[in-house]
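Visitor: I have a structure here that I'd like to go through with you. Can we take it piece by piece?

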Amino acid sequence: MAADATGVVFPGAVGVAGPTARHPAARGRADRPLPAAGPWGHVLRRSAHLLPAVAVVALLAVPSAPAGDGSAGSGGVADAASGLLVLYCLVRVLRDRARPLTRTAALVLGLPVLGVGIAAVTAHDPASSLPGVARYLQIFVLVPGALLLLLRDRRDFRLVAGSVVVLALAQGAVGVTQYLTGTGASYMGEEIRAVGTFGPTDVMGMATVVAYGLIICVGFALSPAANGANGADGADGSDGADGRGRHVARVRRAVALGCAGLLAVPLALSFSRGAWIATAVAVVLQLTLSGPRRAVVVVLVAGALGVVLVGGLGIGSQMINERLDSITRVTDAPDQSVTDRYTMWAAATDMWREHPVTGVGLKGFPAHRDSHASLALSAASDTEGAGLGFQRQPLLSPHNMYLLVLSEQGLLGIVALAGGWAALLVRALRRLPGAYRSRTGADCGLAVTGLLVWQLVDFSYADIGGPSTVLTAVMLGLAARWALGPVGRPARSEAGRA
């Protein structure tokens with residue numbers, strides 16, 4: 001095992017010298033030359049344990065059919081792969097016979113179980129709440145915990161985060177093509193809304209994926225310059241110290257900045273106001289944490305890119321401006337989607353007032369919605385395009401994660417769930433200064449901080465649901481690895497076993 005300069009232990013492969021005297025047969029086998037593995041063979045062997053996690057991300061590119069009621073389905077191949085990821089980590093833990101999590105990690109990741117379990121027991125129909133229990137545990141407990149156990153060092157972190165960026169680029173390319181060819185989801189009477197492979201029933205899917213990729217790229221692009229300890233990854237997952245390593249680090253930052261600029265285009269064409277707001281907040285925080293000089297450079301580059309794409313080429317300029325203006329029209333002539341959202345927020349608040357401690361129970365919002373909502377609620381939204389015909393998509397949640405948890409799980413649930421998220425963010429921020437002082441791993445810390453802030457802001461406009469939700473679990477797993485990983489230098493016996 002190896003510890004980086006921040007004090008975060010990333011268990012890795014550390015060689016241990018064996019005895020000088022060997023059995024003759026063993027010495028004969030050792031003297032035989034081993035076949036050359038080659039660079040790709042070494043990389044595959046080094047990263048083989050990450051294949052289940054990368055598979056979860058990659059399978060999100062597979063289109064998922066909508067549910068029978070017209071809502072976004074949630075039982076896609078990526079969800080099945082996440083179950084295999086959890087099973088794989090469980091087998092590894094049982095095989096190693098080691099305590100898998102620290103007490104702090106077990107507490108933070110286990111907090112949601114309390115609220116979810118009590119809300120399921122107190123639900124009007126406990127049997128109908130079981131799918132909700134499985135979904136909450138999958139997204140907020142099991143998959144993040146599996147990734148916390150699976151990622152051994154910064155190289156593992158970057159590989160999984162890089163797979164998210166690749167997925168974002170692929171989904172973004174599909175989204176831009178949909179806009180240019182008029183094959184996207186319906187928006188203002190035209191089928192131009194970029195939704196990627198998620199379809200019109202999960203319009204936030206592509207926006208979420210692209211925003212995650214953009215924030216990861218910004219975090220990697222803002223990593224501090226090498227000081228001799230930052231560069232190419234070493235054999236143990238630490239950063240190299242030679243000139244080639246520093247060159248690789250500079251190239252990596254340049255590529256990350258370029259990818260962030262590319263991902264800004266499909267994010268704009270998603271016409272998702274919540275994703276825009278959350279991305280702006282997260283990127284501003286990342287820029288603030290990275291230092292004023294670097295922040296100014298990135299702002300100038302982003303501003304120039306925006307002027308070229310929107311002002312010069314006119315890509316979606318009129319509709320983007322109208323969408324931006326609609327953010328401020330919450331009381332003066334709001335559109336129907338805004339009216340529906342605020343009506344459902346009021347209904348969720350009323351449900352909580354009637355059941356303040358445990359809420360109305362998991363999956364209980366749809367059953368109690370009509371008795372608490374005003375007549376202004378349309379009860380369903382129209383979806384069309386991206387390969388699907390016209391259909392009505394029922395409004396089964398308040399499109400606000402905090403109010404959804406508050407209405408269905410009460411104060412107990414919101415304190416347990418949001419408290420765990422807050423703990424992740426606080427611990428991530430506490431570890432960031434040490435990474436900056438040593439200039440090792442700051443890119444991972446900036447990416448995690450941005451992702452957490454994005455999700456906490458976006459949950460004010462959205463909630464879990466749809467195939468893309470499993471990527472939220474992957475994001476929380478990356479955050480858990482940075483924020484809850486073991487701290488301190490490993491003992492000699494542990495290094496020998498690694």
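Visitor: Ser129, to start: buried or exposed?

Guide: Ser129 counts as buried, because its relative accessibility is 0%. Buried means under 20% relative accessible area, exposed means over 50%, and partly exposed is in between, with a 1.4 Å probe and protein chains only. One caution: this is a predicted model, where local features need pLDDT of at least 70, side-chain atom pairs count only at pLDDT 80 or more, and totals for chains, interfaces and linings use all residues. Residues are numbered from 1 along each chain as its sequence is written, and side-chain values use heavy atoms, with hydrogens and water left out.

Visitor: Where does Ser129 lie?

Guide: In the loop between α5 (103–121) and α6 (130–150). Helices (H or I, at least four residues) and strands (E, at least two) are DSSP runs, numbered from the N terminus.

Visitor: And what does Ser129 touch?

Guide: Leaving out residues up to four places away in sequence, Ser129 touches Ala120, Ala123, Leu362 and Lys363. Contact means heavy atoms within 4.5 Å.

Visitor: Stepping back, how many helices and strands does the chain have?

Guide: There are 18 helices and six strands. The chain runs to 498 residues, of which 48% count as buried. Taking contacts between residues at least 6 apart in sequence, 77% join residues at least 24 apart.

Visitor: Which residues touch the most other members of the largest nonpolar core?

Guide: Leu85, Tyr136, Phe140, Met401, Leu452, Leu471 and Leu484, out of 115 residues in that core. Helix α15 (residues 401–438) supplies the largest share, 14 residues. A nonpolar core here is a set of buried Ala, Val, Leu, Ile, Met, Phe, Trp, Tyr and Cys residues joined through side-chain atoms within 4.5 Å.

Visitor: Take Phe140 from that list. What does Phe140 touch?

Guide: Not counting residues up to four places away in sequence, the contacts of Phe140 are Leu109, Pro112, Met401, Leu417, Trp421, Ile464 and Leu476. Phe140 also belongs to a cluster linked by ring pairs, together with Tyr136, Tyr402, Trp421 and Phe459.

Visitor: How many aromatic pairs is that by the rule?

Guide: The count for the structure comes to seven aromatic pairs. Rings of Phe, Tyr and Trp (its six-membered ring) pair if their centres lie within 6.5 Å; planes under 30 degrees apart count as stacked, over 60 as edge-to-face and the rest as tilted. Tyr402 and Phe459 are edge-to-face, because their planes stand at 90 degrees, with the ring centres 6.3 Å apart. That pair links distant parts of the chain, 57 residues apart: Tyr402 is in helix α15, and Phe459 is in the loop between α16 (442–458) and α17 (469–484).

Visitor: How covered are those two?

Guide: Tyr402 is partly exposed, at 24% relative accessible area, whereas Phe459 is buried, at 3%.

Visitor: And Trp421 with Phe459: how are the rings arranged?

Guide: Tilted, at 5.1 Å centre to centre with 35 degrees between the planes. Trp421 lies in helix α15 and Phe459 in the loop between α16 and α17, so the pair ties together parts 38 residues apart in sequence. Trp421 and Phe459 are both buried.

Visitor: What about the helices on either side of that loop?

Guide: In α16, 16 of the 17 residues are buried, and in α17 16 of 16 are. The expected span of a helix is 1.5 Å times one less than its number of residues. For α16 the first and last C-alpha atoms are 24 Å apart, close to the 24 Å expected.

Visitor: Last one: how do β3 and β4 pair?

Guide: Strand β3 (residues 185–187) and strand β4 (residues 190–193) pair in the antiparallel sense over three bridges; pairing requires that DSSP finds at least two bridges between the strands. Ala185 stands opposite Arg193 in β4. The two strands form a hairpin with two residues between them, and Met188 in the turn has a positive phi of about 55 degrees.
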